[in-house]
Amino acid sequence: MLVPEKELARIRAEIARDPEAEYEKIRRGDLLDLPRYQCLLDVTRDERMQWWREARFGIFMHFGIYSARGAGEWELASCAVEPDEYLRSAENFAYQSGAAREWARIAREAGAKYMVLTTRHHDGFSLWDSKINLYNSVNYGPHIDIVREYVEACRAEGLKIGLYSTLMDWHNPDFARSTVDPDARRRFLDYTYELNRELLTNYGKIDILWYDGIFLLDNSIGWDALRMNQRLRALQPHILLNDRAGLPEDFTTPEERVVPNKQDWESCMTFNQISWGYVDEKLERNYQYSPQQIVRMLFNCAAGGGNLLLNVGPDPTGKFPDSITEKLRSIGQWLRANGEAIYGIRRKYKRFADGAGFGEFGGGALTWVTAQGETVYLGVPFWPKDGSMVVAGYAEPPKRIRLLHNGEELSFRFDGRRIRIVDLPPESPEPILQIPVIVLEFDEIPAYRYAGACAALNNGNTVFSASK
Ligand code: H79
């Protein structure tokens with residue numbers, strides 16, 4: 001439905017006066033059409049997204065029967081496991097009551113601000129006391145409402161609460177029939193809605209509903225997402241939805257890559273580049289990201305105005321692999337000292353071409369850059385050996401340069417073309433991950449000219465200008 005921008009502006013202005021009235025309409029069954037629904041989201045988005053744009057770091061949790069089989073969350077489909085055999089594995093899915101409190105504690109100590117748990121993955125097994133789906137963790141396996149423990153744990157640790165909810169479902173026979181049988185499809189869509197309604201009704205305030213698995217029904221039309229999403233939003237109007245039911249909603253979800261997007265975005269990343277669900281800890285260790293690589297992801301996310309949703313697959317009892325807990329702990333230590341360079345950072349890229357952008361602000365040769373207002377943060381993974389570091393492209397010198405983790409002031413000179421930071425210690429001064437952050441404090445938002453385009457061939461002048 002194409003609606004002229006003028007008309008959309010009118011609708012937005014009308015909705016802005018009383019957004020709640022729109023949710024009331026939906027609750028009465030008087031559903032909004034797509035343009036009006038999107039206007040409602042536009043009008044309410046900044047307020048709803050505020051905490052999420054501050055957060056920049058969340059922990060993803062993949063947990064289910066597949067955790068007990070150790071072959072990844074796709075094994076049921078990829079290896080055509082017999083359903084009976086798969087269900088027998090539920091006996092080994094031995095979540096220990098209280099483990100969720102550890103998840104939330106470790107996540108908080110890692111510096112994450114929210115979590116997202118697979119309440120039901122593609123295998124169709126629910127981790128809560130569902131009255132709609134009896135194939136769940138109260139009737140089988142641990143006999144515990146894991147979602148309830150998780151939700152309470154997040155609240156206790158002050159984390160925002162995300163619930164992952166698959167669309168595709170390998171257990172419900174109506175799903176497979178949906179593509180050829182309209183009645184099966186209707187039943188299945190009702191089933192999907194009712195499961196999500198349980199999640200958004202029985203567990204208090206939920207902050208994110210994270211869809212996945214759009215396959216087979218293809219797109220928002222196939223999943224009737226306009227109807228499903230607005231009815232779910234009417235249950236909890238502050239909620240954030242991702243884009244994976246085919247409508248843009250609140251944020252996009254690049255998977256296994258960190259690429260900026262114009263819209264709000266969240267990169268979900270496995271910890272081992274192989275599996276989301278639990279796999280053998282000893283073997284996995286060889287493939288895990290280092291804390292330094294993860295900090296680098298955090299810089300890239302923050303610089304591009306996005307979030308990192310970093311995955312952990314706990315073991316069948318719900319325990320995090322020790323190697324992961326250790327790494328998360330050091331990331332947390334680093335963030336406690338250096339988080340100002342990450343949290344709340346908004347997009348620094350001005351221009352986009354296939355997701356790439358020219359930096360609005362520059363650093364030295366091998367630095368990562370984020371910025372907020374008059375302040376520029378340089379992550380420095382390779383500390384200069386000769387006691388000096390050059391930063392070029394700024395028209396004016398900063399008023400002060402300091403190390404973020406200890407506040408120590410650094411001496412510098414400015415020659416009109418480059419800032420030369422001098423008298424640096426010979427070794428990286430950052431004790432946790434050897435990633436110090438150098439803070440450039442300017443009087444006002446600095447004018448910056450991209451310094452990388454053959455400046456040396458142009459008497460130090462740059463060719464491109466990415467700001468002003
Ligand atoms: O939950 C995690 C994945 O299981 C899920 N999304 C993240 C967050 C996901 N669902 N689908 N996909 C990812 C993409 C599917 C890729 C596939 Fe394959 C390629 C399915 C079949 C071939 C990779 C290889 C997965 C199974 C075999």
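**Notes on the model**

1. Let me start with the contacts of one side chain. Methionine 297 touches Val258, Met269, Tyr289 and Leu308, not counting residues up to four places away in sequence; contact here means heavy atoms within 4.5 Å. Methionine 297 sits in helix α13, residues 291–303, where helices are DSSP runs of H or I with at least four residues, strands are runs of E with at least two, and both are numbered from the N terminus. At 7% relative accessibility, methionine 297 counts as buried; buried is under 20% relative accessible area, exposed is over 50%, and partly exposed is in between, with a 1.4 Å probe and protein chains only. Threonine 252 is 45 residues from methionine 297 in sequence, and their C-alpha atoms are 17 Å apart.

2. A word on the ground rules. This is a predicted model, in which local features need pLDDT of at least 70 and side-chain atom pairs count only at pLDDT 80 or more, while totals for chains, interfaces and linings use all residues. Residues are numbered from 1 along each chain as its sequence is written, and side-chain values use heavy atoms, with hydrogens and water left out.

3. Which residues are closest to the ligand? They are His62, Glu73, His121, His122 and Asp212, out of 13 residues that surround the ligand, each with a heavy atom within 4 Å of it. The shell divides into five nonpolar, four polar and four charged residues. In that count Ala, Val, Leu, Ile, Met, Phe, Trp, Tyr, Cys and Pro are nonpolar, Asp, Glu, Lys and Arg are charged, and the others, Gly among them, are polar.

4. Some ligand distances may be handy for you. A polar side-chain atom of histidine 62 lies 2.6 Å from an oxygen atom of the ligand. A ligand nitrogen is 3.0 Å from an N or O atom in the side chain of histidine 122, and a ligand nitrogen is 3.3 Å from an N or O atom in the side chain of glutamate 255.

5. Helix α7 (residues 99–109) has Ala99, Ala100, Trp103, Ala104, Ile106 and Ala107 buried. Seen down the axis of α7, these buried residues fall within an arc of 165°, so they line one face of the helix; the arc is taken over the directions from the helix axis to the C-beta atoms. They pack against β1 (57–61), β2 (114–120), α8 (146–157) and α14 (322–338). Just after α7, glycine 111 takes a positive phi of about 95°.

6. Serine 97 lies in the loop between α6 (83–88) and α7. Is serine 97 buried or exposed? Serine 97 is exposed, with a relative accessible area of 56%. Its side chain makes a polar contact of 2.6 Å with the side chain of glutamate 149. A polar contact is a pair of N or O atoms within 3.5 Å; within protein, one must be able to donate a hydrogen and the other to accept it, and residues adjacent in sequence count only if both atoms are side-chain atoms.

7. Aspartate 218 has a positive phi of about 70° although it is not a glycine, and glutamate 249 has a positive phi near 50°. Most residues other than glycine have a negative phi. Aspartate 218 is in the loop between β4 (208–212) and α11 (225–235) and is exposed at 57% relative accessible area. Glutamate 249 is in the loop between β5 (240–241) and β6 (265–269) and counts as buried at 2%.

8. Lastly, threonine 367 lies in the loop between α14 and β8 (368–372) and is buried, with a relative accessible area of 17%. Its side chain reaches the backbone nitrogen of glycine 364 at 2.9 Å.
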